[in-house]
Amino acid sequence: MIPSTPLQTDAQEESLLDLGRWVVANGPDAPGSNRAGRDLLMRLPPRLNGGTDCVFRGLGETASRAAIRLILSLDRGCLPVQGPPGAGKTHMAALAALTLIKHRRGPVGVTAVTHNAIRTLLAKIEELAPSLGVSVRMQHRKGDGTSTPAIQIARSNEAVEVAVADGTVDVVGATSWLFSRPEFAASFDTLIVDEAGQMSLADALAVSRSAGNLVLVGDPRQLAQPLQGSHPSGVGVSALEHLLDGDVTIAPDRGVLLDLTWRMHPDVTSFVSRSFYEGRLGSEARCATQAVVIGGIDTTGLRASFVEHLGDRVRSDAEAEGVRDVIAQLTNATWRDDTGRERPMTLDDIVVVAPYNAQVACLVEALPDGARVGTVDRFQGQEAAVSIFSMATSSVEDLPRNLEFLFSLNRLNVAVSRARGLSILVCSPALLRARCHSPEQMRLVNALCRFVEMADPWVEAPIRAVMLPA
């Protein structure tokens, strides 16, 4: 109940100052200390063994394999890897770490904004290690938690420092508070920054001095790290946003875009790819098998369910009732997964996303116990057979905040892309008649209009047209 004091960031600040002092003394592009961090700041292409002759992606080579090959080829450089929803960012990063260890390129650092993200990647490394025949020793620098045979909890910086010096650890997972410290400068071969679309540019630069090579894995087209306060122009962005420099996707000669999703049916991917990834995202072939089967009919892709209501700002009882009716029909349907197996759908197969906490509370009251309901922040990184997005606000005139919040492209991307087979929009039709005051607002509203244009209407009992014999 009592606000805590701001976290101490002395290590990060000192690391940034050291970078600045070195550049003043030696120049921004001189060989030497923290070259990967300086390349990130200057938006330089990755430095690779083989120089300009190095092929970023070979003919027939998957994006994931290309990324791992390029990570192995880094020569004190920075490689961005952009991973859209379900494209296997964590899987690729884990394989990259294991491949580095297998080639005796350790130790490897793993960092992210949250300990949950760090632990998820460490757990994936542990899971995949046997498939590569690698025995890996890992530490997670954390004040609490449970160790596993492969992941030991390190409760002090000194414990990590000793293990790195003695060569008794292969992978270290920690936040920027450890990797920014001077005693870890140049201690790691490669530092993998997970969720780099959420880590601030300042934090990424602060940790970059800990390793010879820097790998940024994430997606700035999904939710960014919440920011407070004011920042000079160009500073209040994530590391990946800084590298993209206004582009939607990473250029083929500047990094890697993981261009296949292993989550979404092609009918869902089509909208996500066209709206958020310049048409560069496709679905892995077996995703086309997935479907919600209602009355014997495969139901995939996008659906729109309009609910008329007036004067609702952050909470709509009418939409909550509409979502309840949709869920009632879905829980009488069947889900077919990507292997072709079918089973009855349950509440666990559905996520309901809302932009406001008030609408989340409204939905919780209206829906059956056990329904998965939350804001997009809760569900980022998760998936379900069906996603439902309830927008709550009656019209643009009723917006409690600016138009940019409700119509955020990142928020719509996350809401839709949770779905493996079917994404359903529940909203007031008046939102499609928004009055825009800038080209940016037009782009935001156009994305919602495109969803409706590509969607079929949600009806109580989908039927298939049948040609009867004469």
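R43 is partly exposed, with a relative accessible area of 30% (buried is under 20%, exposed over 50% and partly exposed in between, with a 1.4 Å probe and protein chains only). The model is predicted: local features need pLDDT of at least 70, side-chain atom pairs count only at pLDDT 80 or more, and totals for chains, interfaces and linings use all residues. Residues are numbered from 1 along each chain as its sequence is written, and side-chain values use heavy atoms, with hydrogens and water left out.

**Backbone exceptions**

- Most residues other than glycine have a negative phi, and most peptide bonds are trans.
- R43 is not a glycine, yet its phi is positive, about 60°.
- The place of R43 is the loop between helix 2 (35–42) and helix 3 (63–73); helices (H or I, at least four residues) and strands (E, at least two) are DSSP runs, numbered from the N terminus.
- R76, also a residue other than glycine, has a positive phi near 55°.
- R76 sits in the loop between helix 3 and strand 1 (78–82) and is partly exposed at 39% relative accessibility.
- The peptide bond between G106 and P107 is cis, with omega about -5°.
- P107 belongs to the loop between helix 4 (89–102) and strand 2 (108–111).

- S176 is part of helix 7 (residues 176–179).
- With a relative accessible area of 3%, S176 is buried.
- The side chains of S176 and Q12 are joined by a polar contact of 3.0 Å (a pair of N or O atoms within 3.5 Å; within protein, one must be able to donate a hydrogen and the other to accept it, and residues adjacent in sequence count only if both atoms are side-chain atoms).
- Apart from neighbours within four places in sequence, S176 is in contact (heavy atoms within 4.5 Å) with Q12, T111, D203 and V207.

**Helix 1 against helix 8**

- Helix 1 (residues 10–26) and helix 8 (residues 201–208) have axes that come within 8 Å and cross at roughly 75°; axes are lines fitted to C-alpha atoms, for helices over the stretch in contact, and angles run from 0 to 180 degrees between N-to-C directions.
- The two helices are therefore roughly perpendicular (65 to 115 degrees; under 35 is roughly parallel, over 145 roughly antiparallel and the rest oblique).
- Helix 1 contributes Q12, S15, L16 and L19 to the contact, and helix 8 contributes A202, D203, L205 and A206.

**Aromatic pairs**

- The structure holds four aromatic pairs (rings of Phe, Tyr and Trp, the last by its six-membered ring, with centres within 6.5 Å; planes under 30 degrees apart are stacked, over 60 edge-to-face and the rest tilted).
- One of them is the edge-to-face pair of F179 and F188, at 5.3 Å centre to centre and 70° between the planes.
- F179 is buried at 0% relative accessibility, and F188 is buried at 4%.
- F271 and F451 also form an edge-to-face pair, with ring centres 5.3 Å apart and planes at 85°.
- That pair links distant parts of the chain, as F271 in helix 10 (residues 266–276) and F451 in helix 16 (residues 439–454) are 180 residues apart.
- Both F271 and F451 are buried.
- F271, F276 and F451 are linked into a cluster by ring pairs.

**Q139**

- Q139 lies in strand 3 (residues 138–141) and is buried at 13% relative accessibility.
- Beyond residues up to four places away in sequence, Q139 touches a set that includes L122, Q152, A163 and V171.
- The C-alpha atoms of Q139 and A163 are 8.9 Å apart, and the two residues are separated by 24 residues along the chain.
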